Amino acid sequence: MTATSKRRRGFLPNREGLAILEARRLEKGYTHDSLAQAAGLNGDDQVRRLFNPHWDYKVQRDAIEKIAAILELQPTKFIEDWLPKSRDSKQKQTPIDVTNIDWREVCLVMLDRQQKEQRIRRKATEQGFEINVFVPLGLIERKQQQRRSGNVPMELLHQLEPEVVTRIYEHDEFMTDVIEQNPTGKNKHIAIVGEPGAGKTTLLDKIATHIQENNQDLPICIALASLQGKTLKDYILQEWLAEAMALVYPDIDVEKSHKTSLQKRLRHGGVWLLLDGVDEMAVGANSCLSLEEIKNQLTDWLGNVRVVLTCRTNVWDARLNNPLTGFDTYKTQEFKQEQVDVFIQQWFAESKNIQRGQELHKKLQEPQKERIRQLIKNPLRLSLLCQIFSQNKQVELPETKAELYQHFVRYFYEWKPSQTVIDWATQPGLREELHQALGRLSIAGLDSDARFRLPLSLIEKQMDDRLFKLAWDLGWLNLVDREAATDEPVYAFFHPTFQEYFASLVIDNCQFFMERYRIFETQWLEVAILWLENFQISALLKKELIETITNLKEDKWKNLYRLKLLPLNIVYSCQSGDIHFISEWVYLVCLDENPQIQQYKLMFPGYEEFIIESLKYYAPKEACDIINEVINKTDLEIYELSKLWEVLFKINPQYECLKVLIPKLLKDDNEGRAIKVATIALKNDNFKQVAVDFLVNALLNEDEQYELQNISLINILIDSKILDKVVIGKLISFLNSQNPTIQGLAISHLDKLSVNDNALVNNQKVLDALINFINQNRDNQICIIAAVSIIKRLDIDISKVNRAIIDLLDNSQDSVIIIFLFDYLETQGFIAEIINKLIILIANEEDRYESIAYAQMLVMVSLSYPKIFENPSIIKIMICLVEVKIDYYYVLIQIFSQSTTMYERFKIVGYQSSKDKIFIDFISLVIENYMNKNNTPDSF
């Protein structure tokens, strides 16, 4: 048995439980030593462990019961996972056979424990309640690299085409359209990427809950920071399995047979592997935790699992040249303004202070608040702002992330639980001492392979136990794991953002960032930005850092370095008031057509979008004001105005001058450019109607050369839920197009509308157009089937349709269309028409196998509608058929042996109408034998 499979027995209180213990100990007047003596313990070791749960040394059951008795407490009052002895005894008496392990229960109990721990950590930012407003997710498509020939510069060899967002999913849509669906393409795995605090971990938690509540699949959640050099397979078998089994079967030690049983279950499929925090993984020369290695682990007994992983955007994008194949990538989008409003409303409703929420909403609408409005489109920062605003009625809204975090930290101590038993007023330097220690620890972590995963040995080097316990009591640090090899406790900040913030507080010179070129490492960029935003850092130091970056040694990578550090330059420009620098970047991305700049843009895919996002994130007001000034004071061509508008809209779609600019741009002689403007404007409620009016008007163009463009316009309008009579009318007109592609697209759109919307219900024009379409396209299998499917959903008098369908059936030779029409006509009650068509097909079909298939269909129809086969005309036709095709006599036998009535009717009509009485005698005799024996003769 491995060391890791042996679980550490015992219990520890959580923070709330520790507060209860401390209060009762003080009330009773015990010290740790005197409490141990009163409880009859040998030494105070067990007492100290109980009152210092941050050490993570568990206390035995007997010791807890003795201490609880002296303090007159029930263990359940301060131990959350306390188990009564009776359960232990029962488990010991009833060994669990490995074949009887309920793996779903194991996974769900483990998930419940992980979710509870996560909720405890989130209390630092959610005050114990949760707001169900979620960021949208954008499906990312990485464009295929174009083939290149000739001498390609080295800088371009590994560059890929930029990504595009092909679809935006709201939360519920993502769950139903992505998580609930079985993947049909080559990618069965999911990657969720986003900036810090964008809700990636929360979303992963919701995915796990959704799986638990909606199917029988198994969710296995793993924080990637916990792997510490292990492969996924080793971690699951050696760490996750032992911990999960301990929760359900506490007296079973994990053996090889249990591992084999789990492997067998995973190999079977129906298992989700939810991997959180690629960016928090340990790194190092011998690390096997790269994205590529994760992919390579998804083989053998992990080959059938579905994976969802999360990662920060900057780490994911840094791996662009080696993308993780087999994954669809979804990027978290910002909160929309209406989502921000709903979040604030729900947050303050939960805190029972609705008026204060209304005040915050009003304050955010004030002029000059663009930057904070942009900042709080991130869920974490919005949550922090709500808490800050709920605590202090006089607080001014912060302008930067650093200021927001500073406010939060200041008020953090006012709403935390009172279990620290510290009077902060009498120890004014303690808070700063703690922050300095947390800062040193943060830097040590980021500088090590561990990054956000902080082992106890690292913590002890940066702070004494007094500060460590205080950090744990307050919730700045949380126990998250234990080292696999050494069993050493491992801790983390309740959110990585605060590790970065505390690190920025203790950096007192710019050379720190240039040492070992930290400034170019992904984990230090956010720290540097927070450092620049800190008003306590002198302007000279900030200027020195920017100048050092600007004056980098000239080499072929210089421009790449500068681009990577663009956010630092923008933050510094806003801090220093150097708007000229921002103007240069606005001009470069909007108007500069210099060939050198164009080549530079080609060298760095996503170049423009990166600049625009940086301006939007760090200088929205300044950038918009600059663009507005250019628009108002410069004589620009319409295409230049269009480009400026597009950038302005991306940075701040609420900006005032857009109201004047959009109508002007929609008059552009270049209709393609104007359509692009209208398409973007549709996404904003302020400009939606003017955009709709323009696009609908463009649809009125009857020229055939514009058909494909008009189909695109219809696509845009339908996606925006614009379904007026012009859109429907245009689709109807396209059914008569001479271009089969246009016809197919039109019928496809009508099919989707008939499924998802009520726009086609009772629409007589659509019905008439579809009837005409069916009559004109009898050989178009796909379109005919779609047209009939649409008609079924119209909920309208379809007598004309039925006539057209019957006529189509009479003339069609396409077996697929025929079978589809049979299904439709059966629902309408036209059984006789189906029977007549089948008889004709049996008689005329040259392919024997198809003829036999039609014959069997005829028999199946008789089983469902036997009364119709008592009709003399049907009987006559069938007898004539079999007289011509004697091989099919068994059809008569199978049909007319179903009942005495059907048999008698067959004999009457047969002897009256057939000239071949011997044939009728033969068939009658066989039917009688069959009915008497109730068994099919061997000859059949």
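1. Buried means under 20% relative accessible area, exposed over 50% and partly exposed in between, with a 1.4 Å probe and protein chains only. This is a predicted model: local features need pLDDT of at least 70, side-chain atom pairs count only at pLDDT 80 or more, and totals for chains, interfaces and linings use all residues. Residues are numbered from 1 along each chain as its sequence is written, and side-chain values use heavy atoms, without hydrogens and water.

2. Helix α7 spans residues 171-179; His-171, Phe-174, Met-175, Val-178 and Ile-179 are buried there. They cover an arc of only 110° around the axis, which puts them on the same side of α7. Helices are DSSP runs (H or I, at least four residues), numbered from the N terminus. The arc is taken from the directions from the helix axis to the C-beta atoms.

3. The structure holds 18 aromatic pairs. Rings of Phe, Tyr and Trp (its six-membered ring) pair if their centres lie within 6.5 Å; planes under 30 degrees apart count as stacked, over 60 as edge-to-face, the rest as tilted. Phe-335 and Phe-343 have ring centres 6.0 Å apart and planes at 45°, so this pair is tilted. Phe-335 counts as buried at 2% relative accessibility, Phe-343 at 6%.

4. The rings of Tyr-405 and Tyr-501 have centres 5.8 Å apart and planes at 75°, so the pair is edge-to-face. It links distant parts of the chain: Tyr-405 is in helix α17 (residues 401-415), Tyr-501 in helix α21 (residues 496-505), 96 residues apart. Both tyrosines, Tyr-405 and Tyr-501, are buried. One aromatic cluster includes Tyr-405, Trp-476, Tyr-501 and Phe-502.

How values were computed
Helix = DSSP H or I, 4+ residues; strand = E, 2+ residues; numbered from the N terminus.
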